[in-house]
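This report looks at a predicted model.

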Amino acid sequence: MAAPSPSEGRGFAVTGLASVSWMAAAPAALAAAVTLVLVGAPACYALGLRGIAAWGTAPLVPPAVIATTAVVTAPLNVRWSPSVAAAALVAFTILVLLGSRVWAWTGRGSDRPMSDPARTRLAAGIGVLVAVVIGSVVLVRGFGAPDLVSWTWDTTFHYSALAQILDSGDGSSLSLGALGDPRAKSGFYPAAWFDITSIVIMSTGAPLHVAANATTGTIAVLVWPLSCLFLARQVFGRAPVPLLLTSGLALAFGSFPWGLFYWGALWPYSLGQAMVPIGLGLVLSLTGLAVSDSVGRGRAAVLLPVLLLALGLAHTGALFGLAVLSVFPAGWVLAEWARRTHRAGRTVRAALSLLGVLVAVSAAFVAVSSTATVRDMAETNWPVSGTASAAVGEFLLNGTNGARALWALSAVIVVGAVSAWRARSARWIVTAHLGIGLLYVMTAGVQSPTTKSLTAFWFNDSHRFAAMLPTTGALLATFGIIALATSLQEWAERRSWFREFRLHRLATIGSVVLVVLVLLGLTKGLYQGRNALLLRNLHRPSVELAVKFDFYQRITHRIPEDAVVANNPEDASPFLWSLFHRQVLFPHINGSGNPNQRFLADHLHEVTTNPRVCQVAREVNVRFLLIDPVPTTRRIYPGLEDPVRAPGFELVESNGVMKLYKISACYPNGAPTSPHAGR
């Protein structure tokens with residue numbers, strides 16, 4: 001791929017101050033919607049799924065196929081591109097179609113679920129459309145403009161990872177973890193979000209940061225509602241009202257999807273978490289708990305490896321989250337079987353079976369927990385946000401991590417929990433919600449060695465557990481609205497005026513509409529303004545960042561494209577690579593394990609006294625030093641501090657605070673000061 005000019009693609013003249021309109025970003029958003037959802041639908045239809053089931057499971061296919069393709073093609077030296085991804089998706093769809101034909105020929109594919117009635121499909125479609133509108137309003141109000149740059153520890157890595165994929169043509173999850181270390185040949189980091197976003201960039205020419213916002217925004221307003229719709233279809237069956245409500249209710253929570261826009265920001269985790277309801281819906285098919293199952297056990301089994309690939313290559317934390325949630329429906333089915341077996345007089349068999357399952361699950365947990373990776377994750381320390389009792393209140397009121405309580409929605413969820421518990425077959429939803437709430441309390445209010453052994457899989461991070469709560473919370477809220485509407489209808493039917501005016505036909509829909517209108521009024525449109533403010537707290541025009549970007553734009557033409565700039569990643573300098581197409585020594589805050597890079601960080605200031613400095617600088621092609629003072633509370637590298645007038649450094653550009661030096665001691669004959677024509 002040819003390198004973009006300074007005025008297009010990744011070299012776009014960014015300011016972080018609303019320089020791109022929403023209309024200009026529309027192609028990126030459309031490309032994200034196509035890549036995240038539309039391209040997955042043909043494979044689901046080829047499998048025999050229809051309607052809600054096909055579109056609800058479609059978001060599983062692109063992450064699984066695209067990220068797996070990137071892993072397979074990297075060692076074959078096939079450059080990553082949209083055409084490679086498209087070819088893989090077409091091949092996968094054809095493979096699924098052929099497999100379905102063979103399956104049908106053997107007589108095993110005759111269990112195709114019945115199509116949903118038209119009114120069910122219409123209600124589901126309207127519900128998703130409403131959710132897309134609500135989510136889009138939150139995004140536009142919250143962001144203000146689609147080109148705002150998120151400047152955090154995590155996003156620095158995400159932007160640089162995208163730059164590496166675009167520059168190297170390697171989108172493999174097996175190499176992305178080696179970001180910033182030129183000597184490392186491998187390092188795992190789940191790359192599904194990055195592969196999809198890179199496709200959006202390459203197919204539309206959108207600026208990197210705009211494509212990142214468009215992809216993550218599409219996950220929030222389209223993938224997440226579709227995923228929740230599919231889960232609702234598995235829980236409530238073909239009933240139109242729950243399918244009309246659930247998608248919109250899923251966007252009312254601040255903890256997800258909106259919370260992960262600013263916490264981290266954990267964009268890859270957002271992709272994984274948005275697909276968890278799909279996985280849970282498939283678990284319901286496998287366990288037989290799905291109501292009027294829209295998938296079938298056989299097709300759910302076929303989709304299981306796709307699900308595991310999609311979640312594992314999006315973010316392993318989401319895979320662990322699904323495992324925890326799946327324990328509850330699977331446990332409920334097992335407990336019901338044991339109860340029936342006991343009543344049939346086979347108590348010993350039931351007890352031994354339960355004991356065997358418990359031992360197997362415990363052994364698997366211990367085996368995974370004892371791995372070096374999980375042990376390192378367990379060492380992650382986050383300060384508790386308050387006391388354990390306060391965390392319980394935050395969970396019950398959906399005001400996690402110090403956010404304002406969602407009083408009206410929480411009251412409806414409590415009503416829904418009572419209603420679901422009475423339904424018996426839906427009790428697993430209540431226990432799952434309480435189970436995730438308990439894990440949230442452990443991380444937000446306890447953080448002891450014992451609790452860390454249980455929460456290590458999520459880096460002991462309460463925000464990640466808070467993000468899991470809407471998966472079951474949206475279902476309980478739907479139960480609550482239906483329960484309140486039913487009670488209202490029963491109350492009205494006991495009134496003489498109701499019977500006198502013969503309002504029975506309007507009773508069901510009228511009671512639901514009335515409850516929904518009251519909830520919308522109490523929540524001011526499902527907390528749209530509050531969620532928009534949540535986004536605005538981070539994604540706001542930054543004068544500081546605009547000054548930095550202006551300086552980066554000025555120095556771009558002074559740095560050859562093949563040169564590397566020594567930098568302190570604690571400042572904004574990693575953006576020089578991701579947004580301005582000039583390579584830096586440290587592309588993310590975590591630094592690097594490369595000994596050459598560490599040596600320069602500690603000794604570059606000794607360029608005229610230590611002969612090894614220039615030797616190492618030439619090995620990694622470091623020709624410049626970028627100075628952008630960072631607070632003393634951040635990490636300071638002695639070799640990367642301002643040399644001022646020290647010999648061996650030549651000042652190239654300065655704005656009074658930020659400076660660019662050429663390392664003249666290592667390049668006495670000078671180096672080109674204009675960019676090369678291409679890579």
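## Nonpolar cores

The largest nonpolar core has 175 residues, and within it Trp258 and Tyr552 touch the most other members. Helix 10 (residues 208-236) supplies the largest share of this core, with 18 residues. A second, separate core has 24 residues. Among them are Cys614, Ala617, Val620 and Leu640.

Which residues does tryptophan 258 contact, leaving aside its neighbours within four places in sequence? Gly135, Val138 and Leu139 are in contact with Trp258. So are Ala220 and Val221, along with Leu251 and Phe253. Asn531, Leu534 and Leu535 complete the list.

In general, nonpolar side chains tend to be buried together in soluble globular proteins.

## The disulfide

How many disulfides does the model contain? The count comes to one. Cysteine 614 and cysteine 666 form it, with their sulfur atoms 2.1 Å apart. The torsion about their S-S bond is about -85°, so this disulfide is left-handed.

Cysteine 614 lies in helix 29 (residues 611-619). Cysteine 666 lies in the segment after strand 5 (659-662). The pair therefore ties together parts that are 52 residues apart in sequence. Are the two partners buried or exposed? Cysteine 614 is buried, at 8% relative accessible area. Cysteine 666 is buried too, at 2%. Cys614 is also a member of the second core.

A disulfide needs the two sulfur atoms within 2.5 Å.

Cysteine 44 counts as buried at 1% relative accessibility. Cysteine 228 is buried at 3%.

## Helix 20

Helix 20 covers residues 427-445, 19 residues in total. From its first C-alpha to its last, helix 20 reaches 27 Å. That is close to the 27 Å expected at 1.5 Å a residue.

How many of the 19 residues of helix 20 are buried? The number is 16, so helix 20 is largely enclosed by the rest of the structure. Glutamine 447 follows the helix. Its phi is positive, near 55°.

Notes: Residues numbered from 1 in each chain as written. Predicted model: local features only at pLDDT ≥ 70, side-chain atom pairs only at ≥ 80, totals over all residues. Heavy atoms only, no water. Core = buried A, V, L, I, M, F, W, Y, C linked by side-chain atoms within 4.5 Å. Buried < 20%, exposed > 50% of the residue type's maximum accessible area, 1.4 Å probe, protein only. Helix = DSSP H or I, 4+ residues; strand = E, 2+ residues; numbered from the N terminus. Contact = heavy atoms within 4.5 Å. Expected span 1.5 Å × (residues − 1).
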